[in-house]
Every structure is written in C-alpha cells, then in structure tokens.
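Dear colleague,

I am handing over the structure below, and I would be glad if you could look through it with my notes beside you.

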Amino acid sequence: QVQLVESGGGLVQAGGSLRLSCAASGLTFSSYQVGWFRQAPGKEREFVAAIDWSGASTYSTDSVKGRFTISRDSVKNMVYLQMNSLKPEDTAAYYCAADLRYRRIGYYTNPGDYDLWGQGTQVTVSS
C-alpha cells in the first residue's frame, strides 16, 4: 500500500522550532516531487514548500522563506520540513504530498498537482 505518514507536530512557543517528517511506504521519493502544505481552521489548504524529484531544487512560499527549509534523505526515504522562528500564524495542520508524475519538471504549488497525501500533523504556535 502506497502511503505517506507525517510526524513531528506539536505545541511550541513563538520563536521556537519544530521539524516535521514525512515517511513513505511503497514509494521512492527520489523519483517524485514532494510538497508540504498547511491548512488552518476555516482556511484553504496552502502551499508551504516543495522539493523536486532530483532533490536539487527547492522552493517555498514567501511567508516562510528564511524560516522553513525542506530537505530529503534519500537513504531513509524521508522528507523533512525544518521550521524555525515559528509564529502564531504558522498554526495549522501540515500535510506532505507527492506528485506521482514520474520525474516531472517544474514548480507546483497547487494542491491539485499532488496525488498522494498524508493524514497531517498539527502544529500549534502559542504567542
């Protein structure tokens, strides 16, 4: 069964850090683009960051630039989202997602571009 499982969420004070992890089963991340999205209550799911299939290129939304870093460990088949200098507005459920088009080139920030989703992990930042 192909699935993604996120972990690492929790409650943290503003200014703190968390590292989210995304583990895959039945799927090798090194062939697919992987993204992180988040969704706060009452809001639409929004793009946070992504890493391309090669692992050489990453991109992120402006609101997290300089604070969040996406990375991949191909040996462990894991994708991470390191989140530093967290703010209360970062509070949301965070999801990892995989674009299952093999080695697709380009930058994709729309949730509709991703086919496989994890169950999400909650991040709460207190002020």
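The charged end of Arg45 is placed over the ring of Tyr95, at 3.8 Å from the ring's centre, in what is, please bear in mind, a predicted model.

Across the whole structure, the search finds 7 aromatic pairs. One of the pairs joins Phe37 and Trp117, whose ring centres are 5.0 Å apart and whose planes meet at 55°, so this pair counts as tilted. Because Phe37 lies in strand β4 (residues 33-39) and Trp117 in strand β10 (residues 116-117), the pair ties together parts of the chain that are 80 residues apart in sequence. Phe37 is buried, with a relative accessible area of 0%, whereas Trp117, at 23% relative accessibility, is partly exposed.

Tyr59 and Tyr107 form an edge-to-face pair, with 4.5 Å from centre to centre and 80° between the planes. This pair, too, links distant parts of the chain, since Tyr59 sits in strand β6 (residues 58-60) and Tyr107 in the loop between β9 (92-99) and β10, 48 residues apart. Tyr59 is buried, at a relative accessible area of 14%, while Tyr107 counts as exposed, with 58% relative accessibility.

Technical notes:
Residues are numbered from 1 along each chain as its sequence is written. This is a predicted model: local features need pLDDT of at least 70, side-chain atom pairs count only at pLDDT 80 or more; totals for chains, interfaces and linings use all residues. Side-chain values use heavy atoms; hydrogens and water are left out. Rings of Phe, Tyr and Trp (its six-membered ring) pair if their centres lie within 6.5 Å; planes under 30 degrees apart count as stacked, over 60 as edge-to-face and the rest as tilted. Helices (H or I, at least four residues) and strands (E, at least two) are DSSP runs, numbered from the N terminus. Buried means under 20% relative accessible area, exposed over 50%, partly exposed in between (1.4 Å probe, protein chains only). A charge sits over a ring if NZ of Lys or CZ of Arg is within 6 Å of the ring centre and within 35 degrees of the ring normal.
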